[in-house]
Amino acid sequence: MADVALQLPQAELGMRSLRVLARLLDYPTEALQGAVDELIEAIYVERRLSTALRADLMSWCQRISEADLLELQSEYVALFDKGRAHSLLLFEHVHGESRDRGQAMVDLMNEYQQAGFELDARELPDYLPLFLEYLSTRSEAEIGRWLGEIRHILALLAARLEERGTDHALVMRALLAMIGAEEEVEAQRETVVGESRDDTPEALDAVWEEEAVRFSAKSDEDCALQSAEGRRLAERKRETQSQPVRIMSPGADAPRVSGR
């Protein structure tokens, strides 16, 4: 999302916190460090999040502004660009590298286009920061439905990132808090504790070997397998949801700010 300007207009204050979370989850830049005051302001007025969670997010923003940029970037690459456990590509956690993922991305791209959301960044459509940017333009009902669809991915990422002791887990916590689903992180804890690291040199070599074997498999049969979850994401708008997920209402102590 390097091509997306760090601008948080007052008119979009209602869910601009989603844009803040997108930027905190994206590759760190000078622009991010320079926008910290604005990010902190947006977090402060987001009463859908608890006081403790907002305080943690604001403290993280402050640390970002004071840190060495090259160190931030190096840590980011080590965390997200090696291995798949922390991948910010949503469908990788659903479909892996199967052909189902390609179709799911086509469907998501169509969703963007139908909503008039034009991509100007060199990212795949299921890149989580980009997806959050899209959600920030939608209604609260639609945001709630989408976050509900991916909450198991968010919970898994939160548990894994907390296991690594990184502040990026706060973004997943915040997204889950918006739909009242923070408890789902604990459900993933036991699984995550027992996982082996997939970003070691040995693990990365094993992945390369596995890919070489997979490409010689029955790709036609693989392509024919459309996962139930993939179809559910693609057809979300056409489904009747018996228990819709809603965005949590702001607390009664929320300050009066124009645009909310």
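Buried means under 20% relative accessible area, exposed over 50% and partly exposed in between, with a 1.4 Å probe and protein chains only. The model is predicted, so local features need pLDDT of at least 70 and side-chain atom pairs count only at pLDDT 80 or more, whereas totals for chains, interfaces and linings use all residues. Residues are numbered from 1 along each chain as its sequence is written, and side-chain values use heavy atoms, with hydrogens and water left out.

**View A. Asp-126 in the loop between α7 and α8.** Asp-126 lies between α7 (99–114) and α8 (128–135); helices are DSSP runs of H or I with at least four residues, numbered from the N terminus. Asp-126 has a relative accessible area of 0% and is therefore buried. Beyond four places in sequence, Asp-126 touches Leu-88, Leu-89, Leu-90, Phe-91, Glu-92, Arg-101, Met-105 and Leu-108 (contact: heavy atoms within 4.5 Å).

**View B. The largest nonpolar core.** This core has 67 residues; a nonpolar core is a set of buried Ala, Val, Leu, Ile, Met, Phe, Trp, Tyr and Cys residues joined through side-chain atoms within 4.5 Å. Its residues with the most contacts inside it are Leu-24, Leu-57, Leu-128, Phe-131, Leu-135, Leu-147 and Met-172. Helix α11 (residues 169–178) supplies the largest share, nine residues.

**View C. Surroundings of Leu-147.** Apart from neighbours within four places in sequence, Leu-147 is in contact with Leu-135, Leu-154, Leu-175, Met-178, Ile-179 and Ile-247.

**View D. Contact of α4 with α11.** α4 (residues 51–66) contributes Leu-53, Asp-56, Leu-57 and Trp-60, and α11 contributes Leu-170, Val-171, Arg-173, Ala-174 and Ala-177.

Methods: Helix = DSSP H or I, 4+ residues; strand = E, 2+ residues; numbered from the N terminus. Axes fitted to C-alpha atoms, helices over the stretch in contact; angles between N-to-C directions.
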